[in-house]
Amino acid sequence: MEKRSLWKFGTREVVYAAIGAALYAVLSIATNFLQLPSAGNVSFRPAVAIPLFFGIAFGPIVGFIAGFLGNMISDLISGYGFWVWWDIGNGLMGLVAGLMAFSFTSFKARSTLLKAELYVILGVLVGMAVASISEMWVSGADIQTVIYGNFLPSAIANLVNGLILVPILMIAYDAVVSRSGR
Amino acid sequence: MESFDPRARWIFSLLFLFTATLFWDARFLAVLFVLAFLWYFSANVPWSETRRAWSFVGFLLLIMIVVNTILTGGGAGGVVPEGGHQVWPNGIPIPFTDWVFHFGLTYERLWFALCQILRILGISAVFVIIPFSMDPRLYGVTFRGLGFPDKFAYSMELAFRYVPTIARDFGVTIDAQRARGYEVESSGGIFKQLLRTAPLIVPVTMNSILTGEDVANAMDLRCFGQGPRTWLTKLQYHWRDYVLIAFSILMWVTALVIVYWFDVGNFWVPQWLLNLAGG
C-alpha cells in the first residue's frame, strides 16, 4: 500500500468524504427499522460505523466530513433540524479513528483490526464527550445529566455498533483492495 | 425568511446561538425567545412539517428538566447557587404511613428550569427551521461563501447529490438480499439484529467506494482542484442581508458588553418568587 499523507485532501478524499457522508445519512435512516433499546434522544445507529471506517480507510479529514456532514444530512432528512455540536461530535469520531489511516499494510491483519478497535473506542469517546459536554454550554445541563443522559447512552450505542461493524467493513474492503490492486 | 441570502441567515443563526448562551437571566432570555420565534414564524413552515423536530426538542427538554431540576440536587452546571428556598421545606408526607419524603427541590431550580426552557426553545427555533426553509442545493455555495475551503464546500454539494443514488442502491441491495432469504423484520437480541444489518451495509458501502474511485478519476481528468472553483448558483448580498448581518453582530456585541462590562445577565430570580417562597 502506498504511503500517503494523513492530512492530504485531494480529489479522492473529496469524493470519499461525500460518499461517506451520503452513506452515513442514508444508512442511518434506512436502518431505523431496528427497534433496539437505547436512551432518550440518542438513536441506535449501526451506520455510525461508516465515518469510523472511512476515517480508518481514507484518513482523518474524510472521517470528519463523513461524520459531520452525514449526521447533518441525516438529521435534515429525518426532520430533526440542525444540531451543530452533535454534528461536530460525529465528525470527531471519524477524525480520531482516522489518525490510524495509512499506518498499516493489510486491512484484515489481526494487528490492524485490534488497532482499529482501539481507535474506534478512542474516536467514539472523544466525539461523544465533546458533543455531550457542549450540552452544558448550550442547554445548561449539569455534569450528571451530561454523563448519564447524553454521554453514556450515545457512547455505548456507538461503541457496540463501531466495534462490531468496523472490522466487518475492513475485511470486506481488504477483499476489494486486493481484487482491484488499489 | 427565504428572501435573505443563506449566508446572512447562517451568520444570524450562529450569532444568535453565541448570544443566547451568554445569558441565564430570564428577562434577556425572554427577549431572545420572542426574537427567535418571530424569526421562526417568518419562514411560514407548517406545523405538520416541523412536528417531528419539535417532538425531539420536547423530549430533550423533558430529560433536561426532569433530570436537572427534579432528580439531581447539585445545582445546574454551577449556575444555580447551592441552598435556596425549598418548595417542600418539611418534606412530603406519604399517605397512610409515618414516612416523610425529603425532596430538595427549590424555587431557584424551578426558575432555572424556566430559563432552560426559554433558552433551549429559542435556540431550537432558530436552528430547527434551517433545513425546512433552505434549499439543500445552496449548502455548498453558501459554506464556500462563508469562507470554508472550496473542496469542503464541494464535498458537501457532492454528498447531497449522492443521497438519492445511495438510497436507490440500498433499495436494490435490500431486494437482492430478500431474494436470497434475508429477513428485514427486527427480532432477537441487540447483537443478532446488529449483525443482520451487515449484509445490507457492506455491499452498499463497497459498491459506493468502487463507484467513488471512478468519479475521482473522472474529476482528476477534468483538472478538479487545479484552480478556484466556480459555482452554478451565484449568491449576492442585498441591502436587507447587510441589515441582518449588522443586526446580528450588534446583538452579539451588545450581549458581550452587557455580560462582561456591566456584569448583568447571570442567573437571576425575581423578588416576587422569593417572597412567595417566604424569603
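Predicted model: local features only at pLDDT ≥ 70, side-chain atom pairs only at ≥ 80, totals over all residues.

Biologist: Is B:Asn44 buried or exposed?
Modeller: B:Asn44 counts as exposed, because it has 9 C-beta neighbours inside 10 Å. Residues are numbered from 1 along each chain as its sequence is written, and chains are lettered from A, ligands numbered from 1, in the order in which they are written.

Biologist: Where is B:Asn44 found?
Modeller: In the loop between α2 (26-41) and α3 (47-71) of chain B. Helices are DSSP runs (H or I, at least four residues), strands likewise (E, at least two), numbered from the N terminus. B:Asn44 is not a glycine, yet its phi is positive, about 55°.

Biologist: And what about the phi of B:Phe96?
Modeller: Positive as well, about 65°, and B:Phe96 is not a glycine. B:Phe96 sits in the loop between β1 (92-93) and β2 (100-101) of chain B. It counts as exposed because it has 6 C-beta neighbours inside 10 Å.

Biologist: Switching to the interface. How many residues does the contact take from each chain?
Modeller: Chain A gives 54 residues and chain B gives 63. Contact means C-beta atoms, placed from the backbone, within 7 Å.

Biologist: Which helix supplies the largest share on the chain A side?
Modeller: α1(A), with 15 residues. By class, that side has 37 nonpolar, 14 polar and three charged residues. Nonpolar covers Ala, Val, Leu, Ile, Met, Phe, Trp, Tyr, Cys and Pro; charged covers Asp, Glu, Lys and Arg; the others, Gly among them, are polar.

Biologist: How do α6(A) and α7(B) cross?
Modeller: The crossing is right-handed. The axes of α6 (residues 143-180) of chain A and α7 (residues 190-221) of chain B come within 9 Å and cross at roughly 40°. Axes are lines fitted to C-alpha atoms over the stretch in contact, with angles from 0 to 180 degrees between N-to-C directions. Right-handed means the near helix is turned clockwise from the far one by less than a right angle.

Biologist: What classes of residue make that contact?
Modeller: The contact of α6(A) with α7(B) has 17 nonpolar, two polar and no charged residues.

How values were computed: Contact = placed C-beta atoms within 7 Å. Buried ≥ 20, exposed ≤ 12 C-beta atoms within 10 Å, placed from the backbone.
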